[in-house]
Protein chains: 2
Amino acid sequence: MRLADYTDYTLRVLMYCASNPGRLVTIAEIAERHGVSRNHLMKIVSDLGRQGLLATTRGRGGGVQLMKPPQDIGIGEVLRFAETDFRLVECFDEGTSNCAISPTCRLKRLLDDALNAYFRVLDGATLADLVLPPSEAARSGLGVHLRAPPAEMPEPARRRPAARA
Amino acid sequence: MRLADYTDYTLRVLMYCASNPGRLVTIAEIAERHGVSRNHLMKIVSDLGRQGLLATTRGRGGGVQLMKPPQDIGIGEVLRFAETDFRLVECFDEGTSNCAISPTCRLKRLLDDALNAYFRVLDGATLADLVLPPSEAARSGLGVHLRAPPAEMPEPARRRPAARA
């Protein structure tokens with residue numbers, strides 16, 4: 001019972017962006033920071049773009065940034081989007097389940113209840129709760145790249161859902 | 001985020017035994033009932049024996065049975081025993097984690113809290129809550145094999161932690 005690496009790094013990409021407010025971060029720096037491949041992160045950034053959570057600015061000085069304030073991004077919502085396999089046991093998938101006792105089984109309901117309790121905790125937290133205030137982040141080394149937005153900050157119209165950066 | 005098949009079938013073995021009180025059930029019938037291999041179930045039955053949950057009686061008319069009343073077997077306890085990978089994200093494994101922000105990260109604490117909420121629900125249920133009363137189980141086809149314990153029911157001294165049946 002573990003989250004997919006995809007989910008793990010989805011959360012880290014968002015946390016990294018939230019920890020560096022006001023500037024574009026590059027996939028290269030996130031990759032270096034977390035020791036994962038750029039290709040892996042490009043897929044994640046692209047998916048987060050489609051989800052309306054990350055915007056990509058192309059070209060020199062480009063990068064990605066959050067499309068919403070961190071306090072408006074619920075962690076439960078992110079997990080439901082990133083984690084596709086909530087088939088906790090075989091019978092959760094009605095299409096493939098061949099469990100003979102499914103109609104009278106109370107296991108599914110119990111595991112459903114437990115999963116709901118899990119998400120109630122996550123739904124009570126936002127991305128803002130996971131990242132330190134900028135001042136503390138700077139001291140911890142998380143936000144060492146903090147700087148003012150570049151003068152050539154793109155107009156919103158030039159932004160597009162993230163594909164690659 | 002899903003339970004291992006091992007955990008899924010561990011629960012089903014216990015539920016099957018609890019649904020057939022007073023008799024020894026065989027691995028062969030559980031395998032047939034759930035469409036899984038005998039080898040897979042033998043490993044599970046053996047592990048449940050070591051855990052003190054199942055007793056095996058060898059020989060003709062032998063089989064497995066619960067070593068405790070279903071109401072004394074907590075589902076949270078079973079899941080913690082069966083499911084070994086609670087490394088929800090990479091940083092949960094302190095031995096291999098290479099996350100640079102781990103010391104200041106609040107993600108781990110949030111996921112810990114969510115997992116605790118998940119287990120609080122499971123800890124509130126026992127095996128008895130998952131199986132129907134014998135009369136209903138018989139109607140549903142779950143307990144169709146219900147019969148009185150065989151006359152040659154072994155003495156407790158002949159039982160041993162399950163290995164194979």
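In chain A of this predicted model, contacts between residues 24 or more positions apart make up 67% of those with a separation of 6 or more. Of the 165 residues in chain A, 34% are buried. The chain contains seven helices and three strands, and their order along the sequence is α-α-α-β-β-α-α-α-α-β.

Two of the helix pairs in chain A were examined through their axes and their contacts. Helix H2 (residues 27-34) of chain A and helix H3 (residues 38-50) of chain A have axes that come within 9 Å and cross at roughly 120 degrees. Because of this angle, H2(A) is oblique to H3(A). The crossing of H2(A) past H3(A) is right-handed. On the H2(A) side, the residues that meet the partner helix are A:Ile27, A:Ala28, A:Ile30 and A:Ala31, and their counterparts in H3(A) are A:Arg38, A:Leu41, A:Met42 and A:Val45.

The second pair consists of helix H4 (residues 75-82) of chain A and helix H5 (residues 107-123) of chain A, whose axes come within 6 Å and cross at roughly 125 degrees. H4(A) and H5(A) are therefore oblique to each other. Here A:Ile75, A:Gly76 and A:Leu79 of H4(A) meet A:Phe119, A:Leu122 and A:Asp123 of H5(A).

A:Phe81 belongs to helix H4 of chain A. This residue counts as partly exposed because 15 C-beta neighbours lie inside 10 Å. A:Phe81 is 74 residues from A:Thr7 in sequence, and their C-alpha atoms are 8.8 Å apart in space. A:Val121, in turn, is located in helix H5 of chain A. With 19 other C-beta atoms within 10 Å, A:Val121 is partly exposed, because a residue is classed as buried if 20 or more such atoms are found. A:Val121 and A:Ser37 are 84 residues apart in sequence, and the distance between their C-alpha atoms is 31 Å. When neighbours within four places in sequence are left aside, A:Val121 is in contact with B:Asp113, B:Ala114 and B:Ala117.

The strands were considered next. In chain A, strand S1 (residues 54-57) and strand S2 (residues 63-66) run antiparallel and are joined by four bridges. Within this pairing, A:Leu54 is placed opposite A:Leu66 of S2(A). The two strands form a hairpin with five residues between them, and A:Gly59 in the turn has a positive phi of about 90 degrees.

In chain B, strand S1 (residues 54-57) has B:Leu54 and B:Thr56 pointing one way and B:Ala55 and B:Thr57 the other way, and all are buried. Four bridges connect S1(B) with strand S2 (residues 63-66) of chain B, and the two run antiparallel. B:Thr57 faces B:Gly63 of S2(B) across the pairing. S1(B) and S2(B) form a hairpin with five residues between them, in whose turn B:Gly59 has a positive phi of about 85 degrees.

In soluble globular proteins, nonpolar side chains tend to be buried together. The largest nonpolar core in the model has 67 residues, and those with the most contacts inside it are A:Val13, A:Leu14, A:Met15, B:Val13, B:Leu14 and B:Met15. Residues up to four places away in sequence not being counted, A:Met15 touches A:Leu127, A:Leu130 and A:Val131, together with B:Leu107 of the other chain.

How values were computed:
Residues are numbered from 1 along each chain as its sequence is written. Chains are lettered from A and ligands numbered from 1 in the order in which they are written. This is a predicted model: local features need pLDDT of at least 70, side-chain atom pairs count only at pLDDT 80 or more; totals for chains, interfaces and linings use all residues. Two strands pair if DSSP finds at least two bridges between them. A nonpolar core is a set of buried Ala, Val, Leu, Ile, Met, Phe, Trp, Tyr and Cys residues joined through C-beta atoms within 7 Å. A residue is buried if 20 or more other C-beta atoms lie within 10 Å of its own, exposed if 12 or fewer, and partly exposed in between; C-beta atoms are placed from the backbone. Two residues are in contact if their C-beta atoms, placed from the backbone, lie within 7 Å. Axes are lines fitted to C-alpha atoms, for helices over the stretch in contact, and angles run from 0 to 180 degrees between N-to-C directions. Angles under 35 degrees count as roughly parallel, over 145 as roughly antiparallel, 65 to 115 as roughly perpendicular and the rest as oblique. A crossing is left-handed if the near helix is turned anticlockwise from the far one by less than a right angle, and right-handed if clockwise.
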